[in-house]
Amino acid sequence: MAVTMRDVARHAGVSPKTVSNVMNGYPYIREETRVRVLAAIDDLGYRVNISARTLKSGRTGVIALVLPELSNPYFAELADAAIAAAGEHGLTVMIETTNADRERELTALARPGGHLVDGLLYSPLGLGQEDVDELPTRSPMVLLGERIFHGPVDHVMIDNVEGTKAVVKHLLDQGRRRIALLGSKPTEQIGTAAIRHRAYIEAHEEYGVPVPEDLAVSGGKWHRSSGADAMNDLLSRTRDFDAVLALNDTLALGAIRAITAHGLRIPDDIAVAGFDNIDEAEYSTPTLTTVDPNRVHIARTAVDLLVRRMGGDTSEHEELVAPYRLHVRESTVS
């Protein structure tokens, strides 16, 4: 006799509605409850009864996209691009956010994906290289981001090194010599912040310009408020800088707000550049110079790789870097 949703609910000690909410990625579920329901699904071997065709093929027609957050515009726009790319293959995308919490990211990996989704696009921020063995090898998965490298799955990533160097060299070419760095994470050894910080240093060295180490400013999450707070803190200590490289666009937008509030002109007094080319960058005042990591290419490449693996492709796993583009706008050039 087929296992039903009521059987899963009884096994997990929850209501059938809670089981349904977990399966549909409803965000307001206690993590303990979510884990218990997923374990019950796995224990009982429950399969989603989408249609007779689905049961016959063993496919749900659904893939999962696990992201740190959707409040960050980059991830929201990446999700849009992934949904569009998946739609071209007739697939639906189920989105889950982890808030960059390591335990939630591990839970997302441990869920019985074979029962709920056909494949996984996975972008962690809480995990690190030491967690490479946690990546599943028996179900289709594509890794995104810069937290884990050389794993047992396909990986699509941003060209953080060359993209960062391009924007730093653009600022140096404009005659800027004291470039503040916004969003650094001094304790981070691997990850986007660490990679972009090293590239910032290397670009200075390649130009023979001293690195202004006193102008590297850390902060909290890469949100607008963090950028504004960090810039206000820097301006309270010194005004001996003529440019700012924010490690993402939302930090840069916050920095622009703080700089103008101090009565300084952009770019005349201080040039500002970011990274991500979120939609808002083209409509800010002034418009923001930024590196476009090519999220549409990233999403399409990741989905195409995932579809290949879902189709049974067992060729060697790939690590692919998306081509970037530097958009020069008003915030760095008068």
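Visitor: What is asparagine 248 in contact with, leaving aside its neighbours within four places in sequence?

Guide: In this predicted model, asparagine 248 is in contact with Asn72, Arg196, Trp222, Gly274, Phe275 and Asp276, once its neighbours within four places in sequence are set aside. Asparagine 248 itself lies in the loop between strand E8 (243–246) and helix H11 (249–261).

Visitor: Why is asparagine 248 called buried?

Guide: Buried means under 20% relative accessible area, and asparagine 248 has 1% relative accessibility, so asparagine 248 counts as buried.

Visitor: How do you know that the charged end of arginine 196 sits over the ring of phenylalanine 275?

Guide: The charge has to be within 6 Å of the ring centre and within 35 degrees of the ring normal. The charged end of arginine 196 is 3.7 Å from the centre of the phenylalanine 275 ring and is placed over that ring. Both arginine 196 and phenylalanine 275 are among the contacts of asparagine 248. Tryptophan 222, another of those contacts, has the charged end of lysine 185 over its ring, 5.2 Å from the centre.

Visitor: What makes the pair of tyrosine 74 and phenylalanine 75 edge-to-face?

Guide: A pair of aromatic rings is described by the distance of the centres and the angle of the planes. The centres must lie within 6.5 Å, and planes over 60 degrees apart count as edge-to-face. The rings of tyrosine 74 and phenylalanine 75 have centres 5.5 Å apart and planes at 70°, so the pair is edge-to-face. The structure holds 1 aromatic pair.

Visitor: Are tyrosine 74 and phenylalanine 75 counted as buried or exposed, and why?

Guide: With the cut-off for buried set at under 20%, tyrosine 74 counts as buried because its relative accessibility is 8%, and phenylalanine 75 counts as buried because its value is 10%.

Visitor: Which residues have the most contacts inside the largest nonpolar core?

Guide: This core has 69 residues, and those with the most contacts inside it are Leu121, Met231, Phe241, Val244, Ile259 and Val272. Helix H5 (residues 73–87) gives the most to this core, with 8 residues. Leaving aside neighbours within four places in sequence, valine 244 is in contact with residues including Met231, Ile259 and Val272.

Visitor: Why is valine 328 called partly exposed?

Guide: Partly exposed covers the range between the buried cut-off of 20% and the exposed cut-off of 50%, and valine 328, at 44% relative accessibility, therefore counts as partly exposed. Valine 328 lies in the segment after strand E12 (325–327), and, leaving aside neighbours within four places in sequence, is in contact with His170, Thr289 and Val333.

Visitor: How do you know that both faces of strand E5 are covered?

Guide: In strand E5 (residues 154–157), Asp154 and Val156 on one side and His155 and Met157 on the other are all buried. E5 is joined to E4 by 3 bridges, and these two strands run parallel; here aspartate 154 is the bridge partner of valine 142.

Visitor: What makes E5 and strand E11 a pair?

Guide: Two strands pair if at least two bridges are found between them, and 3 bridges join E5 to strand E11 (residues 319–321), with the two running parallel. Methionine 157 stands opposite valine 321 in E11.

Methods
Residues are numbered from 1 along each chain as its sequence is written. This is a predicted model: local features need pLDDT of at least 70, side-chain atom pairs count only at pLDDT 80 or more; totals for chains, interfaces and linings use all residues. Side-chain values use heavy atoms; hydrogens and water are left out. Rings of Phe, Tyr and Trp (its six-membered ring) pair if their centres lie within 6.5 Å; planes under 30 degrees apart count as stacked, over 60 as edge-to-face and the rest as tilted. Buried means under 20% relative accessible area, exposed over 50%, partly exposed in between (1.4 Å probe, protein chains only). A nonpolar core is a set of buried Ala, Val, Leu, Ile, Met, Phe, Trp, Tyr and Cys residues joined through side-chain atoms within 4.5 Å. Helices (H or I, at least four residues) and strands (E, at least two) are DSSP runs, numbered from the N terminus. Contact means heavy atoms within 4.5 Å.
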